[in-house]
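Thank you all for coming this morning.

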Amino acid sequence: MTTYNPSMDTPAGEPVLYGLLAEFHDPQSLMNAANILRKNGYYCWDCYSPFPVHGLDKVMGQRNSILPVVVFVVATLSCIGMLALAWYCNAYNYPIVVSGKPYWGLGPHMFLAFPVTVLASVITTFYATFIFCKLPLFRHPLFTSERFQRVTDDGFFIAIEARDAKFDIKVTTELLNTAGALAVEEVRD
Amino acid sequence: MTTIEIPQGRLDTGYDNTAEDCTNRQPLVTGEGTYHAVTKIVCATPEARHAPKIWYVCFTISLMLLCLLFLTIAYQVFTGVGVWGNNSPNAWAFDIINFVFWVGIAHAGTMISAVLLMFRQRWRTGINRFAEATTVFSVLCAGIYPAIHVGRPWFAYWLIPYPNIMGDWPNFYSPLLWDALAVSTYSTFSFLFWYFGMVPDLATLRDRAKTRTRHTLYGIFALGWRGSARHWKIYDRGMIIMGGLACALVLAVSSTVSTDFAVSQIPGWHETIFPPYFTVGAIFSGFATVIALAIPARHLFGLKDLITERHMDNLGKLMLLLSSIVLYIYLIEFFTAYYAGNIYERFAYYNREFGPYWWMGWAMMFCNGVIPQALWFKKARTTWWLSLPIALLALFGMWTERFSIIVTSISRDFLPSAWHMYSPTLIDIGMFAGSFGLFFTLFLLFCRYLPMVAMAEVKSILPQSHTHLPEEYRNVE
């Protein structure tokens with residue numbers, strides 16, 4: 001697929017066109033517009049909202065994240081790892097009889113394996129979530145738009161990137177307007 | 001059940017949304033009820049030039065208590081644990097009582113944000129941030145005690161299994177190790193969960209910032225969050241995973257703490273009921289804390305539209321449920337002691353209510369089991385001057401419960417010749433008061449500078465956030 005490279009059309013020093021930003025009134029009109037965009041074959045676009053809009057992922061055709069799989073693998077490995085460590089330390093490397101108890105016991109060692117499993121999974125979830133989101137990212141073209149600041153308050157937006165193969169300022173603007181946008185503006189960075 | 005007319009549009013602050021109607025869902029947000037109104041209410045305090053006067057008064061007192069904590073800890077570390085009232089046979093006293101007390105308080109935050117998240121209780125959104133903050137700060141208070149109780153805290157790293165020149169390892173059968181792991185996991189977890197949930201709200205504060213400093217500071221912690229739908233999907237998944245882990249953790253931490261006692265042989269400690277007993281008591285004291293803090297906070301910081309009467313009503317109901325379980329466990333413990341027929345066990349329970357510490361035993365019975373039964377009445381749940389004293393008494397009661405379990409049992413065990421009474425020293429008391437200083441200093445700073453209510457979550461439960469999927473996606477999985 002040939003990709004439109006906006007920087008080719010822009011004279012040196014001028015801000016590069018990132019894409020179009022359209023504002024919508026409420027979550028429902030955002031969802032309807034997302035549906036229209038997807039049907040029109042756009043692929044470099046995203047919705048922005050102050051809270052997760054239920055069902056928007058289906059309309060946008062997002063695939064499920066592999067986050068749970070990653071966490072599950074880490075959890076399993078850390079649980080086995082901790083039990084193995086307890087076995088290595090207390091039963092293999094330096095066995096000591098304490099109050100006549102067996103060197104290795106699943107019951108008491110679960111008290112260690114469980115928190116270690118949770119700790120490892122939580123840290124993995126935390127970091128993996130932001131890594132999968134490609135955050136932190138402190139500089140983003142959308143942050144240059146004054147209108148976009150309301151995305152964390154009460155604004156609902158769709159941004160279509162200029163590198164989308166179907167992107168055309170006039171056609172796309174018109175499409176967004178017919179999809180129910182309150183306002184459409186160009187974002188340059 | 002009668003049908004209740006729910007007015008459309010703007011609801012007055014203080015609108016009574018506590019009436020039950022299974023056909024009509026009561027609004028959980030009163031006032032204007034728009035997205036912007038929610039943002040305005042929550043951001044008002046962090047963005048205000050000055051906090052309410054009472055905030056400064058409380059903050060000064062808390063800071064003084066915090067200094068007291070540092071002084072007592074320094075004195076204890078430089079002098080030795082002998083500055084405490086602990087002495088044979090009372091090897092454990094204030095240090096472990098306060099540890100269990102603070103760990104217990106922490107549990108409500110996890111309970112509200114994780115267990116209620118799993119059960120999809122929409123009302124949790126108003127109070128979860130708030131409750132999570134109490135978790136983070138009280139685990140911190142709890143963590144101090146085991147750390148300094150080891151006597152030489154600079155050797156605390158001996159708990160870590162690292163290859164060393166002596167070629168030995170920690171004993172993994174030791175409850176000290178279980179405790180260290182449980183508490184450090186809990187504090188790391190609760191901090192990450194709290195911060196994780198706060199990222200979108202920090203972005204709100206960043207986008208509303210008027211000065212460069214605020215924009216930069218909130219901006220750094222907001223990690224560049226821009227509300228992307230692709231991000232929300234991954235983030236939501238992460239939230240659910242963390243919540244699921246927290247559900248297990250909330251049951252595990254107090255259970256682990258209780259095994260410190262249960263694996264010993266002291267009458268009154270050596271019981272199989274201890275894990276659920278400690279967990280329920282912990283969550284109970286946590287709810288009491290959330291009620292005791294939510295009442296002043298919603299008055300002081302104008303949060304009545306977000307933490308409504310219904311939230312207080314629900315909190316009261318949960319507290320009542322937990323109080324009833326706690327009372328049941330108290331009674332069943334007496335029955336078990338009697339029915340098992342072990343004279344030491346029987347004596348431990350007789351001693352708890354009629355021994356030298358009798359008033360502690362009765363205080364725990366009344367404050368935790370009897371007085372909260374007033375919450376059966378709706379008036380007691382929704383009137384602040386009734387629910388606040390009930391919550392404070394419950395907190396006092398939970399502290400006396402830990403005192404009863406720990407000191408009463410250990411001060412009179414098997415041999416009467418080894419019996420000895422325990423009384424705390426001034427250092428003990430100063431350190432306990434100081435831990436409140438640490439908690440409130442952090443909590444007041446949180447109220448002043450961070451979003452006290454999870455804005456993004458509250459917005460997602462507003463009626464206008466409800467969307468209908470386009471026809472063709474309804475059956476797509």
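**Chain B overall, then a sheet in chain A**

Before anything else, please keep in mind that what you see is a predicted model. Starting with chain B, its secondary structure comes to 15 helices and 0 strands.

Staying with chain B for a moment, buried residues account for 47% of its 477 residues. As for how the chain contacts itself, if we take the contacts between residues at least 6 apart in sequence, 79% of them join residues at least 24 apart.

Now let us turn to chain A, and to strand β3 of that chain, which covers residues 156-161. Is this strand mostly covered or mostly exposed? It is mostly covered, with 5 of its 6 residues buried.

Which strands does β3(A) pair with? One of them is strand β1 of chain A, residues 17-24, which pairs with β3(A) in the antiparallel sense over 6 bridges, and here you can find Ala22(A) standing opposite Ile158(A) of β3(A). Another is strand β2 of chain A, residues 45-48, which runs antiparallel to β3(A) and is joined to it by 4 bridges; in this pairing, Asp46(A) stands opposite Ala159(A) in β3(A).

Notes: Residues are numbered from 1 along each chain as its sequence is written. Chains are lettered from A and ligands numbered from 1 in the order in which they are written. This is a predicted model: local features need pLDDT of at least 70, side-chain atom pairs count only at pLDDT 80 or more; totals for chains, interfaces and linings use all residues. Helices (H or I, at least four residues) and strands (E, at least two) are DSSP runs, numbered from the N terminus. A residue is buried if 20 or more other C-beta atoms lie within 10 Å of its own, exposed if 12 or fewer, and partly exposed in between; C-beta atoms are placed from the backbone. Two residues are in contact if their C-beta atoms, placed from the backbone, lie within 7 Å. Two strands pair if DSSP finds at least two bridges between them.
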